[in-house]
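Me: I've got this model open and want to know what the labels rest on. Can we go through them one at a time?

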Amino acid sequence: MAQGLEVALTDLQSSRNNVRHHTEEITVDHLLVRRGQAFNLTLYFRNRGFQPGLDNIIFVVETGPLPDLALGTRAVFSLARHHSPSPWIAWLETNGATSTEVSLCAPPTAAVGRYLLKIHIDSFQGSVTAYQLGEFILLFNPWCPEDAVYLDSEPQRQEYVMNDYGFIYQGSKNWIRPCPWNYGQFEEKIIDICLKLLDKSLHFQTDPATDCALRGSPIYVSRVVCAMINSNDDNGVLNGNWSENYTDGANPAEWTGSVAILKQWYATGCQPVRYGQCWVFAAVMCTVMRCLGIPTRVITNFDSGHDTDGNLIIDEYYDNTGRILGNKKKDTIWNFHVWNECWMARKDLPPGYGGWQVLDATPQEMSNGIYCCGPASVRAIKDGEVDLNYDTPFVFSMVNADCMSWLVQGGKEQKLHQDTSSVGNFISTKSIQGDERDDITENYKYEEGSLQERQVFLKALQKLKAGRFHSSRRGAELQPSRPTPLSRDSSRSLHTPSLRPSDVVQVSLKFKLLDPPNMGQDICFVLLALNMSSQFKDLKVNLSAQSLLHNGSPLSPFWQDIAFITLSPKEAKTYPCKISYSQYSQYLSTDKLIRISALGEEKSSPEKILVNKIITLSYPSITINVLGAAVVNQPLSIQVIFSNPLSEQVEDCVLTVEGSGLFKKQQKVLLGVLKPQQRASIILETVPFKSGQRQIQANMRSNKFKDIKGYRNVYVDFAL
């Protein structure tokens with residue numbers, strides 16, 4: 001008489017399955033698979049082989065602390081041929097004398113996360129035996145056409161899911177610089193940290209059963225991750241800090257990768273890491289989303305608007321010296337702002353609004369009571385459809401608000417001008433499988449100055465004015481505590497601006513740099529004044545300079561001048577200016593941004609002329625040389641050359657170097673003191689442990705500067 005079937009051993013075929021599921025970069029020792037795609041396992045039996053007519057093998061998969069059939073976090077499905085109500089399926093591949101290979105497949109809508117796999121064997125005698133086969137992790141699948149994150153381009157999948165390094169663009173629209181970044185989404189323990197991050201969310205803490213059930217939706221998961229990257233509502237990954245005081249943490253400019261941040265958060269019991277700013281929030285979110293399988297890229301918007309009252313106008317205030325002032329509304333134009341785009345279907349929106357979605361983890365405004373933003377359809381932003389979920393009006397204002405300049409004098413405010421094109425420039429991301437910058441501004445808005453662009457702006461403004469959106473401005477409904485637009489002046493309330501031509505300008509002012517603005521050197525520039533009228537003009541021009549944070553917050557002015565310029569009809573003149581290093585060095589922020597402003601007035605006219613320019617001071621970059629061929633599991637020497645760009649001694653110099661697949665952990669070298677203009681180099685030894693295209697990222701900091709950076713791409717060959 002045949003005995004009941006007993007399982008002796010299970011082979012989850014982790015190495016083979018992980019390669020087929022594009023997860024071998026994470027590990028080949030544990031099973032990581034993607035939904036909507038089959039994976040194989042082999043069952044080895046102790047006493048006899050599997051007999052399809054006599055034995056029924058039933059698989060059980062469970063995820064979360066409260067697995068539930070009705071919620072989809074528990075599934076029961078049979079290897080038998082008869083129909084199973086479960087969306088999970090299993091089928092027989094091969095059947096031997098004492099072993100059976102089967103294929104399992106999760107539905108393309110299954111919740112992502114850590115699963116427990118069990119089987120029940122019902123033999124012909126009525127005996128039932130149960131076995132726990134092991135654990136596996138299920139991820140989103142951009143290779144599966146039925147998955148909501150499906151991306152139909154292999155080069156794009158390689159860039160936006162598989163690439164573990166990239167560039168984040170910083171600086172200003174006149175000086176865009178790439179900041180190298182190690183995303184490291186496949187590094188050791190990162191997948192575990194990403195799953196821990198989901199479990200630490202407020203949603204999971206409040207209702208774990210429902211939270212786990214909703215993890216099949218990339219819309220839901222992206223909002224949860226977005227909220228967890230910042231720590232404003234919870235023990236999220238990063239504390240934000242724009243104060244310039246980082247004595248109890250790391251200056252955000254010092255980071256060169258996400259791995260050190262995520263591992264620190266995990267190792268300290270999920271205590272927020274100090275500190276981050278927008279590019280750090282976006283970079284860490286990119287790491288988490290790519291690790292979970294959602295195609296993601298990092299986006300930089302230069303001259304990014306932060307409209308706090310929803311009227312699509314950024315109000316800026318100046319005093320009579322041309323110095324920019326803070327304002328009660330806290331409207332600002334960030335020199336640059338960084339967010340993410342994630343690729344997903346949007347079946348909750350009308351057709352055509354899937355694809356790239358904006359998610360912004362920087363804590364600026366609340367959405368449904370928590371600090372997150374998005375996903376907002378990029379297509380909806382371009383079309384002015386600000387009534388579509390989520391947070392579309394706020395994102396629209398970041399790329400397409402108008403800017404209103406005001407002169408504050410004697411307690412009164414005088415309108416200087418309204419600029420319709422200053423917000424949202426050179427929207428940038430790294431190119432696909434290359435190191436170049438892609439300008440994707442046209443994805444977000446029509447060409448500035450075009451009729452289409454103004455029509456979309458007016459459509460968005462009318463939607464806001466009519467109050468027809470109830471589910472998009474920072475969440476499912478308009479927050480009752482949100483400030484209402486000011487009504488003291490029609491130009492600052494929700495109104496439709498006139499499209500009539502502006503008055504003819506008779507005098508123009510413009511700044512021009514004479515030399516590249518290098519850190520440690522004097523800044524030389526001229527003010528160009530042009531009289532376009534047929535009359536003489538006598539000008540008084542107040543000039544000033546002040547440091548800025550990259551979020552637009554002004555610091556105290558450190559340089560002022562007054563110019564008196566007489567212009568004959570049609571005449572142009574230049575007024576030379578110089579700001580010495582000794583004048584700006586002690587006032588410079590980490591962002592190295594200086595705003596020079598000029599406020600001109602004619603003696604015979606009340607009209608004012610305002611012009612400003614943002615200068616980004618540059619450092620010499622670190623040079624990295626790879627000495628010899630890079631081969632997996634063979635020693636590699638790397639030379640790092642760096643210098644002190646200043647004409648004064650710098651102290652507390654620290655060099656950090658990292659690179660996924662090249663270094664097991666971030667390398668930190670204490671350099672001590674560097675003399676003025678001193679140039680030095682060091683040799684680092686490492687053993688690459690992953691093949692393919694890799695990148696080394698380096699940063700040097702001191703008591704005088706925080707972010708001299710460099711990078712080098714390296715191709716690592718397989719060992720012979």
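Predicted model: local features only at pLDDT ≥ 70, side-chain atom pairs only at ≥ 80, totals over all residues.

Me: What makes H337 buried or exposed?

Reply: H337 is buried, because its relative accessible area is 0%.

Me: How do you know which residues belong to the "active site"?

Reply: That comes from UniProt, whose unreviewed entry places the feature at C278, H337 and D360. They span 83 residues in sequence, yet no two of their C-alpha atoms are more than 9.6 Å apart, so they gather at one spot. UniProt positions are in the numbering used here, feature names are shortened, and annotations may be inferred rather than shown by experiment.

Me: What joins the side chains of D360 and H337?

Reply: A polar contact of 2.7 Å. The term covers a pair of N or O atoms within 3.5 Å; within protein, one must be able to donate a hydrogen and the other to accept it, and residues adjacent in sequence count only if both atoms are side-chain atoms.

Me: And what does H337 touch, leaving aside its neighbours within four places in sequence?

Reply: Its contacts (heavy atoms within 4.5 Å) include C278, D360 and M398. D360 in turn touches C226, C372 and C373, among others, not counting residues up to four places away in sequence.

Me: Where does H337 sit?

Reply: In strand 17 (residues 332–344). Helices (H or I, at least four residues) and strands (E, at least two) are DSSP runs, numbered from the N terminus. D360 is in the loop between strand 18 (355–359) and strand 19 (376–377).

Me: Why do you say that strand 17 and strand 18 pair?

Reply: Two strands pair if DSSP finds at least two bridges between them; strand 17 and strand 18 have five, in the antiparallel sense, so they qualify.

Me: What puts the buried residues of helix 7 on the same side?

Reply: Helix 7 (residues 259–267) has V259, I261, L262 and W265 as its buried residues. They cover an arc of only 165° around the axis, so they lie on the same side of helix 7. The arc is that of the directions from the helix axis to the C-beta atoms.

Technical notes:
Residues numbered from 1 in each chain as written. Heavy atoms only, no water. Buried < 20%, exposed > 50% of the residue type's maximum accessible area, 1.4 Å probe, protein only.
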